[in-house]
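Student: I am new to reading protein models. Could you walk me through some features, one at a time?

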Amino acid sequence: MPIHAMAAHAAKKPLEKFQYEPAPLGPHDVEIEITHCGICHSDLHLIDNDWGMSTYPLVPGHEIIGIVKAVGPEVAHLRKGMRVGVGWQRNSCQQCEFCQTGQENLCAKMGATCLGNYGGFATAIRTDSRFAFPIPDALSSENAAPLLCGGATTYSPFRLYEVRPSMKVGVIGIGGLGHLGLQWARAWGCEVTALSTTPEKEREAKGFGAHHFLNTRDAGMMKKAAGTFDFLLNTVFAPQDWGALLELLRPNGKLCVVGVPSEPITIPGFPLLLGQKSVVGSVIGSRHMIAEMLAFAARHGVKAQTETFPLDKANDALARLKANRARYRLVLTV
Ligand SMILES: [Zn+2]
Ligand SMILES: [Zn+2]
């Protein structure tokens with residue numbers, strides 16, 4: 001049975017209907033009938049070949065939710081009929097130091113769901129079952145799809161960098177990633193501030209769990225907030241005044257980058273040294289982190305705020321995301 005998909009055939013071109021015959025089901029593989037697929041900012045970059053690594057035809061989509069339709073002979077933890085999710089990573093070597101220590105997201109041989117493979121803007125996908133995660137019943141497919149990439153990306157830093165409930169946390173940018181970051185931080189027990197250049201977003205940010213709102217264009221507010229944050233999570237893709245963000249940190253504070261900035265990050269030396277501050281990164285999440293994130297979301301009611309589009313209207317959805325009009329995460333329904 002061919003898989004029906006939406007694919008870009010060249011950089012910056014609209015998606016068109018496309019079909020392909022999937023590879024034979026491997027021993028560890030599952031076939032998933034896709035019901036929902038979130039749209040991540042990375043999908044836009046892949047379609048446009050912004051990172052110079054796209055291959056065409058390119059079927060985007062790495063925030064997949066669907067139902068298991070077939071399992072390979074070695075698959076023990078998934079059965080036909082289960083609802084599962086798949087994120088950015090589709091496999092890893094299972095042998096290296098990082099795979100063996102539960103950090104598969106750092107594996108040099110990791111495979112990507114929609115880069116070099118056909119992704120989730122499709123009716124189905126065949127992929128490694130070890131990177132397919134059962135979805136807790138408490139999460140709706142529509143609200144859970146964006147957790148597979150956006151959720152993992154914003155949750156992992158809290159664990160990797162040992163954010164504690166007593167800490168003051170700031171989430172920079174109230175968008176597809178930031179609205180999830182605020183929810184994690186609030187559920188974590190932290191004192192939460194939303195940082196944004198858009199004062200109109202204050203009410204919504206507080207709805208997602210922010211106790212405070214800091215307009216980063218307001219010099220007075222920025223001065224008053226200097227030296228008050230333990231942890232800042234940057235979810236913004238646009239260039240930032242990195243020095244000003246460092247000034248916001250307390251001694252030993254960390255600034256964690258999860259949105260891929262479009263330009264190099266320039267860090268002034270003295271504000272980094274004085275106060276022993278760190279600028280750190282985090283990329284998606286390991287397998288156990290994703291499973292833990294889904295359980296945490298189910299327990300604490302963390303969910304993506306979504307708008308849906310049918311799969312064949314994927315181009316309309318991409319245009320909405322490109323125009324910065326997504327509130328806050330777009331999901332294709334199949
Ligand atoms: Zn993504
Ligand atoms: Zn590995």
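Tutor: Gladly! Let us begin with burial: a residue is buried if 20 or more other C-beta atoms lie within 10 Å of its own, exposed if 12 or fewer, and partly exposed in between. Please keep in mind that this is a predicted model.

Student: Is Q94 buried, exposed or partly exposed?

Tutor: Q94 has 13 other C-beta atoms within 10 Å, so Q94 is partly exposed. You will find Q94 in the loop between strand 6 (89–91) and helix 2 (97–100).

Student: What should I look for in the backbone angles?

Tutor: Most residues other than glycine have a negative phi, and most peptide bonds are trans. Here Q94, which is not a glycine, has a positive phi of about 70 degrees. I284 also has a positive phi, near 35 degrees, and is likewise not a glycine. I284 sits in the loop between strand 15 (278–281) and helix 10, and I284 is buried because 23 other C-beta atoms lie within 10 Å.

Student: Which peptide bonds are cis?

Tutor: The bond from Y56 to P57 is cis, with omega near 0 degrees. P57 belongs to the loop between helix 1 (41–48) and strand 4 (64–71). The bond from R327 to Y328 is cis too, with omega near -5 degrees, and Y328 is in the loop between helix 11 (314–322) and strand 17 (329–333).

Student: What are the domains of the chain?

Tutor: Domain 1 covers 3–149 + 285–333, and domain 2 covers 153–281. Their centres, taken over C-alpha atoms, are 27 Å apart. In the contact between them, 13 residues of domain 1 meet 12 residues of domain 2. On the domain 1 side, helix 10 (residues 287–300) gives the most, with 3 residues.

Methods. Residues numbered from 1 in each chain as written. Chains lettered and ligands numbered in written order. Predicted model: local features only at pLDDT ≥ 70, side-chain atom pairs only at ≥ 80, totals over all residues. Domains from an automatic or database assignment. Contact = placed C-beta atoms within 7 Å. Helix = DSSP H or I, 4+ residues; strand = E, 2+ residues; numbered from the N terminus.
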